[in-house]
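Here is a friendly walk through a protein chain, going from one loop to a few helices. Have the sequence and the structure open side by side as you read.

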Amino acid sequence: MRYNTLGGTGLLVSEICLGTMTFGGQGFWTAIGSLDQSVADRIVAGALDKGVNFIDTADVYSEGLSEQITGTAIRNSGRSRSDVVLATKVFGSVGKGVNDRGASRGHIMDGVKASLKRLGTDYIDLYQIHGTDPVTPIEETVRALDDLVREGLIRYVGVSNWPAWRIMKALGIADRLGLDRIASLQAYYTIAGRDLEREIAPLLLSEKVGLMVWSPLAGGLLSGKYNRDGSGEGRRANFDFPPVNKDRAFDAIDVMAEIARDKGVSVARIALAYVLHKPFVSSVIIGAKSVEQLDDNIAASEVVLSADELSRLDAVSALPAEYPGWMLERQGAERAATVAKPR
């Protein structure tokens, strides 16, 4: 297993992160998975045995049951709490009250206490805001998270599904006021959905913010189990998310299938390896419904793609040109060409 620093921090996280959205299966989340404690115990122990030290959950997954199962599974594994980098999230609705959601100081303070109790721990390594709150001032959110760091309840701050301008504004506020900076972004990124390369990826590299990739197989679409006519078995058949340009996705799957055959591995491993080869990616979150599926996905960390293979995959999945990108490239090309390239 390979380990990367989480953004500009000194925290080392495995490049494969275990996602626990499949744990529990309450309410809406039954469409994702409904693994009970015994199966979750085997998956968590199996991941830790293979060098995974990073586990991600959220307070809304299975209405809190996922956090409870995750915390119990970590304890049942026999591993020391310090051996696990435990991440969870706050933002989504956890009750019927108007303040039972969002990124306000009040909801963050209530949310962290509830998550700590369900997880059965006295600190959270990475506490993430799970979405964009159009009501709460960003400064209020940043100050609340900094207070939690100073109290020792959380150790690092992250966000999820934030646009580039909002991340940059939060970083600016933190730097101006001497508050804890955002260490990571959790975002959707796949070979079939490279949209964040336009604005977010350059920001991550510039500001040393780590990227945790969710749904790296596009809800299973990139596993190689589906056909162009939509037939196939798996989660995507019942829960068609995230949105994907299917034509571009299946063009990429065709090329990945060729590379997978040459290497004697699954298409899923190639899809995961493609994302892992990107310099702005800190860790890729994988979910699993069985130990066998977990093992296959973890093995993606061992797949090495050649420059030619990466070039083929980049070409087949290339984003259509958009402004201002095409203008920036046109105007900056001559200037960039004057700088000596690495030997």
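Let's begin with Ser301, which lies in the loop between helix H10 (291-298) and helix H11; helices are DSSP runs of H or I with at least four residues, strands are runs of E with at least two, and both are numbered from the N terminus. This is a predicted model, in which local features need pLDDT of at least 70 and side-chain atom pairs count only at pLDDT 80 or more, while totals for chains, interfaces and linings use all residues. Residues are numbered from 1 along each chain as its sequence is written, and side-chain values use heavy atoms, leaving out hydrogens and water.

Is Ser301 buried or exposed? With a relative accessibility of 16%, Ser301 counts as buried (buried means under 20% relative accessible area, exposed over 50%, and partly exposed in between, using a 1.4 Å probe and protein chains only). The side chain of Ser301 reaches the backbone oxygen of Ile298 at 2.9 Å. Leaving out residues up to four places away in sequence, Ser301 touches Met1, Arg2, Glu15, Ile16 and Leu276, where contact means heavy atoms within 4.5 Å.

Further along, Glu322 sits in the loop between H11 (307-316) and helix H12 (325-337). Glu322 is partly exposed, at 43% relative accessible area.

Now turn to helix H8, where you will find Asp251. Asp251 is partly exposed, at 35% relative accessibility. Apart from neighbours within four places in sequence, Asp251 is in contact with Arg228 and Val316. Asp251 and Val316 are 65 residues apart along the chain, with 6.6 Å between their C-alpha atoms.

How do H8 and H9 cross? The axes of H8 (residues 246-263) and H9 (residues 267-276) come within 8 Å and cross at roughly 110°; axes are lines fitted to C-alpha atoms, for helices over the stretch in contact, and angles run from 0 to 180 degrees between N-to-C directions. H8 is therefore roughly perpendicular to H9, a label for angles of 65 to 115 degrees. Met256, Ala257, Ile259, Ala260 and Lys263 of H8 make the contact with Val267, Ile270 and Ala271 of H9.

Finally, look at helix H2 (residues 65-76). Its buried residues are Ser66, Glu67, Ile69, Thr70, Gly71, Ala73 and Ile74. Among the elements covering them are helix H1 (37-49) and strand S4 (54-56). After H2 comes Gly78, with a positive phi near 80°.

How values were computed: Parallel < 35°, antiparallel > 145°, perpendicular 65-115°, else oblique. Expected span 1.5 Å × (residues − 1). Polar contact = N/O pair within 3.5 Å; in protein donor to acceptor, adjacent residues only side chain to side chain.
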